[in-house]
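Hi,

Here is the structure I promised to pass on to you. Have a look at it first, and then read on for what turned up.

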Amino acid sequence: MPCYRCGARQTDPVRGASPWRRGVRRETQVLVCPDCQRLHDLDLDTCAGCGSVALICRLGEVECRSCGAVRMAETPAPVDSGALLASGPPPGLSAEVEAALNRVLGRT
């Protein structure tokens, strides 16, 4: 999953905690890369109880990692499938997939 702001993709992780952060935006789980985390206007959803942006979305629920509040996720508006097909895959994705397959399969 790429960064929702800039589209950067995660690389193979190094040992330790990931510098990428999870968040919820418009009832959907998103990832935020380290560069975009420096911005102050990430436009992430906040907890109604404590105002934290440390939210996770899973199985139709949004949970605050700060205060533990849980609420049902709102159902997003239906997306026009024609618009999705017209937009196509993200640029460069096929090259990334091909490079990953070559690494895994030992191709040169």
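A residue is called buried here when its relative accessible area is under 20%. With a relative accessible area of 8%, Cys36 is therefore buried. Cys47, at 9%, counts as buried too. Please keep in mind that this is a predicted model.

On to the cysteines. How many disulfides does the structure hold? It holds zero. A disulfide needs two cysteine sulfur atoms within 2.5 Å. For Cys36, the closest cysteine sulfur belongs to Cys33 and lies 3.6 Å away, which is too far for a bond. Cys47 is in no disulfide either; its nearest cysteine sulfur, in Cys67, is at 3.7 Å.

Then there is the sheet. Three strands form an open sheet in the order S3-S4-S5, and their pairing is antiparallel. Strand S3 (55-58) and strand S5 (70-72) are at the edges and have a single partner strand each, so one side of each has no neighbour in the sheet. On average, neighbouring strands in this sheet are turned by 25° against each other, ignoring direction.

If you want to look at the pairing of S3 with S4 in detail, strand S4 covers residues 61-64 and is joined to S3 by four bridges, with the two running antiparallel. Ile56 is a handy place to start: its bridge partner in S4 is Glu63. As a reminder, strands of a sheet pair through backbone hydrogen bonds.

Best wishes

Terms used
Residues are numbered from 1 along each chain as its sequence is written. This is a predicted model: local features need pLDDT of at least 70, side-chain atom pairs count only at pLDDT 80 or more; totals for chains, interfaces and linings use all residues. Side-chain values use heavy atoms; hydrogens and water are left out. Two strands pair if DSSP finds at least two bridges between them. Axes are lines fitted to C-alpha atoms, for helices over the stretch in contact, and angles run from 0 to 180 degrees between N-to-C directions. Buried means under 20% relative accessible area, exposed over 50%, partly exposed in between (1.4 Å probe, protein chains only).
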